[in-house]
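Let us walk through this protein step by step. Keep the sequence and the 3D view side by side as you read.

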Amino acid sequence: MLLRRATAALPKTLQNLRLYSPAATSALPLETQLDYLPGFPRPDPKHAETILAVPRSDSGKNISAKERKAGRVPSIIFEQEDGQHGGNKRLVSVQTNQIRKLVTHMGYSFFLSRIFDVEVRSELESGEVVEKVRALPRSIHLHSGSDAPLNVTFIRAPPGTLLKVDIPLVFIGDDVSPGLKKGASLNTIKRTVKFLCPAEIIPPYIEVDLSHLDVGQKLVTGDLKVHPALKLIKSKDEPVVKIAGGRVSDQQKDQGKKDQPKKDQTKK
């Protein structure tokens, strides 16, 4: 799953960034410092929460069951995308209630596009900090019946790394869309789009403006307005949303029935 380095194709501001680099990184040179631009979504401060964790010495079905029974979620903090093949991997457990609250308040996709501080303590109630890292939730599995978190995977996200992130889409302008005003339907093809993002400026979501779309028109991934440092993983021509053909209103249906010729009831 590693992406090949292609610095020639990246903007100059990205050429010094490391793809899934080690956690122990020094400060970036001034020219590579990145920040959110005006007019683009930025993470909501109210979700800037430190996720508390404790070390976990072993893994396995029985260990995981005990952790869940104790109110904790088995988790792993990987060094990089293919961290399961090695690297700076740490087994931890996080609090079930804290993860459930974050996912409930933010939404599943929004939780997976937000970087958190993860503080690993010797015990949850202890003030002794074993490690503190910036990490991106890579995946989370929820119980099919209760939506309780079963396990969470994190990717280390220090400054200077590029991460593949599925960014949620938020649709705006539907109330003034010419096509939707005519009674057409909104065909949502994508709910998230994968971008290669510098860890410093991962957007919480991307706004998709429908205000100018008429019947039959669509938007593709290349139409999305994002920070210039973000790079699409796939083609720019993949459809995101389309205003499909108009629906016939009840009034139009009634009018159509009136306009139809009446069946001849005369007996032959």
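The paragraphs below go from strands to helices, then to an aromatic pair and the nonpolar cores. One point comes before the rest: this is a predicted model.

Start with the barrel. It is closed and has six strands, in the order β2-β4-β3-β7-β6-β5. The pairing is mixed. From one strand to the next, the twist averages 45 degrees.

Now follow some neighbours around it. Strands of a sheet pair through backbone hydrogen bonds, and they do so either parallel or antiparallel. Take β2, residues 50–55, and β4, residues 90–95: these two are antiparallel and share three bridges. Within this pairing, V54 has S93 of β4 as its bridge partner. Next comes β3, which spans residues 72–78. β3 also pairs with β4 in the antiparallel sense, over six bridges. Here I77 faces R90 across the pairing, with R90 in β4.

Which sense does the pairing of β3 and β7 take, parallel or antiparallel? It is parallel, with four bridges between β3 and residues 149–156 of β7. I76 stands opposite T153 of β7.

Helices pack against these strands. Helix α2, residues 96–106, packs on the sheet and touches β2, β3, β4, β5, β6 and β7. Its direction makes about 75 degrees with that of β4. Helix α1 covers residues 61–69 and lies across β3, β4 and β7. Relative to β3, helix α1 runs at about 120 degrees.

Look next for aromatic rings. The structure holds one aromatic pair. F111 and F116 form it, with 5.5 Å from centre to centre.

Finally, turn to the nonpolar cores. The largest holds 32 residues. Which of its residues touch the most other members? They are L163, L169, F195, I202, V208 and V241. β8 gives the most, with five residues. Domain 1 (45–156) and domain 2 (158–248) each supply at least three residues to this core.

Leaving aside residues up to four places away in sequence, V208 touches L169, V170, F171, I172, L219, L224 and V241. A second core is separate and has 20 residues. Among them are A53, I77, V94 and F154.

Methods
Residues numbered from 1 in each chain as written. Predicted model: local features only at pLDDT ≥ 70, side-chain atom pairs only at ≥ 80, totals over all residues. Heavy atoms only, no water. Pairing = 2+ DSSP bridges. Phe/Tyr/Trp six-rings, centres within 6.5 Å; stacked < 30°, edge-to-face > 60°. Axes fitted to C-alpha atoms, helices over the stretch in contact; angles between N-to-C directions. Contact = heavy atoms within 4.5 Å. Core = buried A, V, L, I, M, F, W, Y, C linked by side-chain atoms within 4.5 Å. Buried < 20%, exposed > 50% of the residue type's maximum accessible area, 1.4 Å probe, protein only. Domains from an automatic or database assignment.
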